[in-house]
Amino acid sequence: MWNQIEQSLHQSVERVFTKVAMVVPGILAFVLALLVFLAIAWLAAYLIRWILTAARFDDRLRAGTSRMIEWSPTQTPTLLVSRIVFWAFVLAGVMVGLSAFEAASAESLFAGYLLSYLPRIVGAVLILLVGNVVARFVSRSVLIGAVNMNLQYARLLASGIKWLVLVLTGAMVLDHLSIAGGIVDLAFGILFGGIVLALALAVGLGSRDLVSRSLEREVARPPESATEEKLHHF
Amino acid sequence: MERMQAPEELLDKKERGGAADLLIAVTSPVDAEKLAGMGRSTFEELGSTTSGLRCVVAYPQSAGAPAELAMRDETPGLRFEPYTLSDGPPSVVPWLGSPAAFRAVESISSAVGATACVIVSPDLAAMDGATIQMLVDPVLQGRSDVCMPVYPSGPFDDLLNKSILSPLTRSLYGRRILFPVAPDFALSAHVLSALADATQYGIAGRRQEMVWPAVEASRVENRATQVHVAVRHEAQHEGLDLTTVLGGLLGALFGEMEGNASIWQRIRGSVAVPVMGTPAAMPAPREPVEVRPLLDSFRLGALNLPEVWSIILPPVTLLELKHLTRLAPEQFRIPDALWARIVYDFALAYRLHSISRSHILGALTPLYLGWVASYILEVGNAGQAAAEARLESLAQAFEAGKPYLLSRWRWPDRFNP
C-alpha cells in the first residue's frame, strides 16, 4: 500500500516537473523576446526624439495651425510621438513573446486565445484613453463656454456632458471586448435614455422653479445688454 | 499657400501704370464702389497740398465685385489696384487684415516703388484727405517709419486695449503707444517689407498670426510717431462676441511674445512716443454704467472655473481672487499689480501649453469683466483726466511687474509664488 502511494507521489512530482520543464523554455522565450523588443523600443524612441528635435518638429507644429498641440497640452509633440513609438514596440514585443511562448510550449490553447484577444484589449485601451481625453476636453470647453455665456448651471452642464461621453466610451470599450454584448447594448440604451429622461424630468418637474427663474432672468435681460452697449470693449 | 502675383506680372504693372509715392491699402473685404468714390475725393484733397503726388489704392477684390476700378479710373496720378484675397489663415478679427493680404499689399508696394503705405480699416472711416495726410506726413518726410493713430476715446471706450493690449505692449517693448492694434496706420516701405517677411517666414521660427506694426517699430528700433486723428470706428464691434475677439487678439499677442522673447526680455522701462496734432473732440460722455452684470460674470467664473484658473494662476493670485469674490460691489477693486500678474500668468500658461490654448484664453473673459467692473467703479463719473491718470498707473504697474514675468518666463517651474 505504502509503495503504491510512494509510486503515485513520484509520478505526480514527475508530471509537475515535466510540465514545468515544458513551460520554462516558453517563459524564457517570452522574457527574451520582451527584453529584445524593450531594447529596440528604447533605441527607436531615442532615435525618433533625436530626429524630431533636429528637425525642430515642435517649433514647426507651433508655427503651423496644427491641432495636435491642443490635445497634448502638457507634453511636447516630440515626446508624445517618441512615447507612442516606444509603446508600439513594447506591444509588438509582448505579441512576439506570446508567439514564442506558444511555439515553445506544448499547451498552445491559452496563448493562442490570448494572442487572438490581444488586439481587442489594445483597441479597448486606446478607446478608453481617447474617450477619457475627449471627455475632459469637451467638458472643459462646455464649462468655459457656458460661464462666458453667463449660464448659471454651467458646472451641471459640463458634468453632464462629461459623464455622457464617459458612459458612451465605457459601452464602446465593453462592446469592443465582446463582453456580454447584448447586455451592454441594452444597458447602455437604458442608461443613456435614462440620463436623458432624468434630465428632462429634472428640468420639467424637479427644477421647474430653477428653470423658471433662469428664463425670467433671460427675459429680464435688456438692462444688461444696455450695459454692454454703454461699454466698448474693442 | 496663397497665390502671389508673379514678379513679371508686377513689373508689367509698374511699367504700365508707373511708379507711385503713396500706397493706400485696404486689407479686408470692402465696398468697391464706396472705395472708388472716397479714394478719388481723398486723392483730390491730398493733391491740393502735395503737387505731383502719385497714389495707388490697393484693395482686395472679392468674388462678384464690380468690374476693375482701374479700368474706369480717369484721375491722373491715381490708380486702383485690386489683389486677390487667398485662402490663407483668416484675420484674427475682421477689421484687421490677414497676413496673406498684407503680403499682397507689400508685393504691390514693391512693384510700384511706393515710399509710404497707409493701411485703412475696411469701414473707410479714416479714408479722408486730412486723416491720410496726418498719418503719412511723418513717413513721407522721413521723420518716422511707423505712424500710429490716437483715436478720440472716452473713459468707457476701447477697454480691451486700455486694460491689456496697450499696457502689455508698452511694458514688453518699451514704447508708449496708445493704440498698438489699430486698424489704420502708416508705414515706410522697409517696415512694410519687414512686416510681410515676419508673416511669411516668422520670427524665431514662429509665423505671425497678425501684423503688429507697433511691435515691429520697437523690434528693429524704427522711429515711431503717433498722431491724433478724428476717426471713430463705431460699427466694427457689431455681431462680434467678446470671448472670440479677446481670444483672437490676445492669442496673437501671446504668440508674438514667444517669437520676440529675446527682444523684450532685454527691455526695461518705457520711452514716450511723440504724439503729433491736436486731440480730436471726445465723444459725448456716456451715462454711468451698471456694474452688477459684470460682477455677476466675474463671480460666476470664480464659482465655476477654479480648477481651470488653478492650472494657470499661482496660489497667491487665486487667494486674492477668492478674497475679491467676498467683497461688496462698492468695495470691489482689482489692484493694478494683481491684474498685471494675471495677464502675465495667462501669457506664460499660453507659452507652456498648461492646458489647451483655447481654454486658457476662454478662461480669461470673466477676469477681464471683473477688471472692467473694478475700473468703472473707480473711474465712475470722474472724467477723462482721471481715467487717463488711472490708466497711466495701470501701465506703470505692468512695467513694475515685468521682473515677475521674466522670472516665470525663464524658470517656470522654479519660481511659482
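Reply: In this predicted model, B:Glu307 and A:Arg155 form a salt bridge through their side chains, with N and O 3.5 Å apart. This pair runs from one chain to the other: B:Glu307 belongs to helix α12 (residues 306-312) of chain B, and A:Arg155 to helix α6 of chain A. B:Glu307 is partly exposed, because its relative accessibility is 39%. A:Arg155 is also partly exposed, at 34%. In general, side chains of opposite charge can pair when their charged atoms come close. Over all chains, the search of the whole structure finds twelve salt bridges.

A second pair lies within chain B. B:Arg223 and B:Asp145 make a salt bridge whose closest N and O atoms are 3.6 Å apart. These two residues are 78 residues apart and link distant parts of the chain: B:Arg223 is in the loop between α8 (213-219) and β8 (224-228), while B:Asp145 is in the loop between α5 (129-140) and β5 (146-150) of chain B. B:Arg223 is partly exposed at 44% relative accessibility. B:Asp145, by contrast, has a relative accessible area of 7%, so it counts as buried.

Next comes B:Arg170. B:Arg170 pairs with B:Glu399 in a salt bridge, the closest N and O atoms being 2.6 Å apart. Because B:Arg170 is in helix α6 of chain B and B:Glu399 in helix α17 (residues 384-400) of chain B, the pair ties together parts 229 residues apart in sequence. B:Arg170 also meets B:Glu392 in a salt bridge of 3.0 Å, N to O. Together, B:Arg170, B:Glu392 and B:Glu399 are linked in a network of salt bridges. B:Arg170 is buried, since its relative accessible area is 6%, and the cut-off for buried is under 20%.

The domain assignment divides chain B into domain 1 (8-276) and domain 2 (291-410). Between these two domains the count is three salt bridges. On the side of domain 1 that touches domain 2, α6 (159-173), α9 (242-259) and α10 (261-264) of chain B each supply at least two residues. That side has 16 nonpolar, eleven polar and six charged residues. As for contacts, 33 residues of domain 1 of chain B touch 35 residues of domain 2 of chain B. The size of an interface is often given as the accessible area lost when the parts come together. Here the two domains of chain B bury about 2900 Å² between them, with 68% of it on carbon and sulfur atoms.

B:Trp339 lies in helix α14 (residues 336-352) of chain B. B:Trp339 is buried, because its relative accessible area is 0%. Leaving aside residues up to four places away in sequence, B:Trp339 touches several residues, among them B:Ser163, B:Ile164, B:Leu394 and B:Phe398.

Last, the partner chain of the opening pair. Chain A has nine helices and zero strands. Of its 234 residues, 22% count as buried. A:Asn150 is in the loop between α5 (109-148) and α6 (154-176) of chain A. Most residues other than glycine have a negative phi. A:Asn150 is not a glycine, yet its phi is positive, about 60°.

Definitions and conventions
Residues are numbered from 1 along each chain as its sequence is written. Chains are lettered from A and ligands numbered from 1 in the order in which they are written. This is a predicted model: local features need pLDDT of at least 70, side-chain atom pairs count only at pLDDT 80 or more; totals for chains, interfaces and linings use all residues. Side-chain values use heavy atoms; hydrogens and water are left out. Domain bounds come from an automatic or database domain assignment. Contact means heavy atoms within 4.5 Å. Buried area is the accessible area (1.4 Å probe) that two parts lose on being put together, summed over both. A salt bridge is a side-chain nitrogen of Lys or Arg within 4 Å of a carboxyl oxygen of Asp or Glu. Helices (H or I, at least four residues) and strands (E, at least two) are DSSP runs, numbered from the N terminus. Ala, Val, Leu, Ile, Met, Phe, Trp, Tyr, Cys and Pro count as nonpolar, Asp, Glu, Lys and Arg as charged, and the others, Gly among them, as polar. Buried means under 20% relative accessible area, exposed over 50%, partly exposed in between (1.4 Å probe, protein chains only).
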